[in-house]
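Work through the exercises below with the sequence and the coordinates at hand. Each task is followed by a stepwise solution.

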Amino acid sequence: MTFTTGIESLHNILEETGSDYVVGKTIQYRSAGTKIIGEHESCKERRAVSPFSIPHIFHHLGPRARMIRASVIKENQIQFPEMKFAEDKQFFIDVLTHCNTISTTKTPIYYLNRLDNQQTRLTNQTNIMQKTECNLKVINYIINKNLELEKEQMILNRLYEYDCIERFFATPHFQKTKLKRVYYYKLNKVLKTTKGLRYEFSDHFLQPINKVVYELFRQKNYKELEKLFEWNNKEKVKDVLIKDNLPYIISPLLEDEHKYIRIPLFAKFKEDYFTDDTYKLNFFVYGERRDKITEVIIKDGKNAFREYSLPVVIDESGYGRLEIDLNFLNKLPTSTYSIFLRYDEYMKINIRKLTKNQIEHQFQNRKFIFHNTVYSNVGLKIRRVV
């Protein structure tokens, strides 16, 4: 048996494919366990594809778990800008926009230590206002490059929606401070850069709640904006309304105009039972993206190495059926697992279960318990019978 290092794995893929860039799996270690960082980069094996064909490729732009042909950097004179924050973001945006093709792999390449010394990290020593100033420099840099429209939209969407709205207002400091006007001044400075764009940038937001935040800010309805984030951070299990087969989360603190917020997908538990050493789960899926669901994922939330894929059937009406052979489950380690529906290559949703009950079945020397989690989703516990 031969052992291949992460560097060798990446190099071999570059040589096999002729790609300019390759990225693999990063596994983060924390005190609470392990998890995968940037799943979009490593959820599947891709060979020699356009970087712009990969959803969210401009998220998690950092140096770990990737390899680039030196010629891409040298011939295009790509350098790290002198900034305290977001310098790697700008560097890798430049790299990706000059790559003809890239490849991705599910192979673990990099192990990220986040166990200790969190306060010594430069990222944690940079406050949200400083970060936003750096992000603003990157935004202006991208706008001045005059990229093709589709490429510019994809890059700027990450910078506007993810960095300057979602992350910006999610900081605990925003909820605590009495100087919220400083946040509004800074965001207004960012939004001035959108005036000369060739399109309405908010039309490309991936999460509908961020579009609501933008609309509230544009209307100077700051009280509603603050209530929205207070509710969103506080309510982990949100009420959902189904209207015309589309799902909406309900924010009771907001006015009627913004009370109902569209979400891409919602899955609702119907029934589950055991029969002939098989677990069967029936559920309904609502939303426009349900035809993009490809599989069920059983995942140990504390161990990134324990993730298992199963086929699922969802008909045109949204009725879903999952069957799991207990012989398969018997091969899984004893632990507690979450159950997800995967769509759009790497995105995931839980199956909501509001009823407080569980079913269990003993098979050989194991007990399989399907229950509702603390967040009211379908979960699985596997226990050894003594």
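Buried means under 20% relative accessible area, exposed means over 50%, and partly exposed lies in between (1.4 Å probe, protein chains only). The model is predicted, so local features need pLDDT of at least 70 and side-chain atom pairs count only at pLDDT 80 or more, while totals for chains, interfaces and linings use all residues. Residues are numbered from 1 along each chain as its sequence is written, and side-chain values use heavy atoms, with hydrogens and water left out.

**Exercise 1.** Locate Arg 366 and classify Arg 366 as buried or exposed.

Step 1. Arg 366 lies in strand β18 (residues 366–372); helices (H or I, at least four residues) and strands (E, at least two) are DSSP runs, numbered from the N terminus.
Step 2. The relative accessible area of Arg 366 is 4%, so Arg 366 is buried.
Step 3. Val 23 is 343 residues from Arg 366 along the chain, and their C-alpha atoms are 38 Å apart.

**Exercise 2.** Determine how the axes of α5 and α6 are arranged, then treat α4 and α6 in turn.

Step 1. Axes are lines fitted to C-alpha atoms, for helices over the stretch in contact, and angles run from 0 to 180 degrees between N-to-C directions.
Step 2. Helix α5 (residues 128–144) and helix α6 (residues 149–170) have axes that come within 11 Å and cross at roughly 165 degrees.
Step 3. Angles under 35 degrees count as roughly parallel, over 145 as roughly antiparallel, 65 to 115 as roughly perpendicular and the rest as oblique. α5 and α6 are therefore roughly antiparallel.
Step 4. The crossing of α5 and α6 is left-handed; this means that the near helix is turned anticlockwise from the far one by less than a right angle, and clockwise gives right-handed.
Step 5. For helix α4 (residues 87–97) and α6, the axes come within 11 Å at a crossing angle of roughly 155 degrees. This pair is therefore roughly antiparallel, and its crossing is right-handed.

**Exercise 3.** Which residues form salt bridges with Glu 345?

Step 1. A salt bridge is a side-chain nitrogen of Lys or Arg within 4 Å of a carboxyl oxygen of Asp or Glu. The structure holds 29 of them.
Step 2. One partner of Glu 345 is Lys 44, with the closest N and O atoms 3.8 Å apart. Glu 345 sits in the loop between β15 (335–343) and β16 (347–352), and Lys 44 in the loop between α2 (39–42) and β3, 301 residues apart.
Step 3. Another is Arg 46, where the closest N and O atoms are 2.6 Å apart. Arg 46 belongs to strand β3 and is 299 residues from Glu 345.
Step 4. Glu 345 is partly exposed at 29% relative accessibility, and Lys 44 is partly exposed at 35%. Arg 46, at 6%, is buried.

**Exercise 4.** Where are His 60 and Asp 277, and what is phi in each?

Step 1. His 60 is in the loop between β3 (46–49) and β4 (66–68). Its phi is positive, about 55 degrees, although His 60 is not a glycine.
Step 2. Asp 277 is in the loop between β9 (266–275) and β10 (278–286). Phi of Asp 277 is near 55 degrees, again positive in a residue other than glycine.
Step 3. His 60 counts as partly exposed at 31% relative accessibility, and Asp 277 counts as partly exposed at 35%.
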